[in-house]
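Here are some notes to read beside the model. Please keep the sequence open while going through the points.

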Amino acid sequence: MNTWRNASLAVTAAALLALTTACGQEQGTSSPNGQNVGNASPAGQAGSGYGSDSGYGSDSAAGTATSKQAGQLAVWDSKKLGKVVTDSEGFTLYRFDKDTASPPKSNCEGDCAKAWPVVPAGNVTAAAGTDAALIGKVTRADGTQQLTIAGWPMYRYAKDTEPGDANGQGVGGTWFAAAPDGKKAAVNTADSTGAEQADLAGLSVRKDPELGNIVVDKRGMTVYRFKKDSAWPMKSACTGACLSKWPVVAPLTKNDVKGVTTKGFVTFNRPDGLKQQAIDCWPIYTFSGDTKPGDTNGQGVGGTWYAVSPEAKLVGAPK
């Protein structure tokens, strides 16, 4: 009898340890296996801090904008981002949080600079009505000179293909369109009362008129869970081609969360090498079909994808 009891206790302890380890609550990470459903990588994901298909961007796309002169700068008054600096052809200029302005220094080299082509310092004129004294230059590691605004090195984004595009805004939580004073442009979203919100936390709560309180990311985009995932043990059933439609939410810190549970707030180390944020041990995603803050086009897709409540529950899912 004692032998059976000891064996039973051992099995129970092992099961509890497996649950804790899989969720990663003790160590803050998890490394489970996922089920393969395709072979594509998530577009625009930025776990590396650069953002794009491989973490940096495609060489062919980047090559179209490398070392292109900016010419006469202009200011685009975007309703979504506020006033944004563009080059003479209307392409958005960006700044990188991992750079420094005092002293000016670029930390985007190699593959990063393929996804984010530098803006040369030559042949640049300040935008009308802006402070020309803020225009400067910094010498890069390769000896070339890069445009700076208020000390911040300037870049374009390889995935901006048309004047007025701002696809690089908020990528990886480190890339932002540049305002005329060199500061970061901030995404403005509206809550259900029409009041604007700026500088959202990495995860926060938005009151949707139909779904109620749901979790959104820093861009104001709806966050989703996948019913085929599991939390104990933590496992994602969305891999490969699935991720091109449902990009993972990149890891965050707890102090970058407002109004959302931090229970089971862990980094999920996926088998495909991506790092994904989880809340209450559930992996979370955004939806490529949502094109602007407030969209909930992923709600109920396939009967398996649902918005997330501040307590990490599925919103509107059948019982």
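1. For the classes used below, Ala, Val, Leu, Ile, Met, Phe, Trp, Tyr, Cys and Pro count as nonpolar, Asp, Glu, Lys and Arg as charged, and the others, Gly among them, as polar. The model is predicted: local features need pLDDT of at least 70, side-chain atom pairs count only at pLDDT 80 or more, and totals for chains, interfaces and linings use all residues. Residues are numbered from 1 along each chain as its sequence is written, and side-chain values use heavy atoms, with hydrogens and water left out.

2. An open sheet of 3 strands runs in the order β9-β10-β11, with antiparallel pairing. β9 and β11 (152-153) are the edge strands, each with a single partner, so one side of each has no neighbour in the sheet. Strands (E, at least two residues) are DSSP runs numbered from the N terminus, and two of them pair if DSSP finds at least two bridges between them. β10 and β11 pair over 2 bridges. Ile-149 stands opposite Trp-152 in β11.

3. Arg-140 lies in the loop between β9 (135-139) and β10 (145-149). Is Arg-140 buried or exposed? Arg-140 counts as buried because its relative accessibility is 8%; buried means under 20% relative accessible area, exposed over 50%, partly exposed in between (1.4 Å probe, protein chains only).

4. Leaving aside neighbours within four places in sequence, Arg-140 is in contact (heavy atoms within 4.5 Å) with residues including Ser-106, Glu-109, Gln-146 and Tyr-155.

Note on methods:
Helix = DSSP H or I, 4+ residues; strand = E, 2+ residues; numbered from the N terminus.
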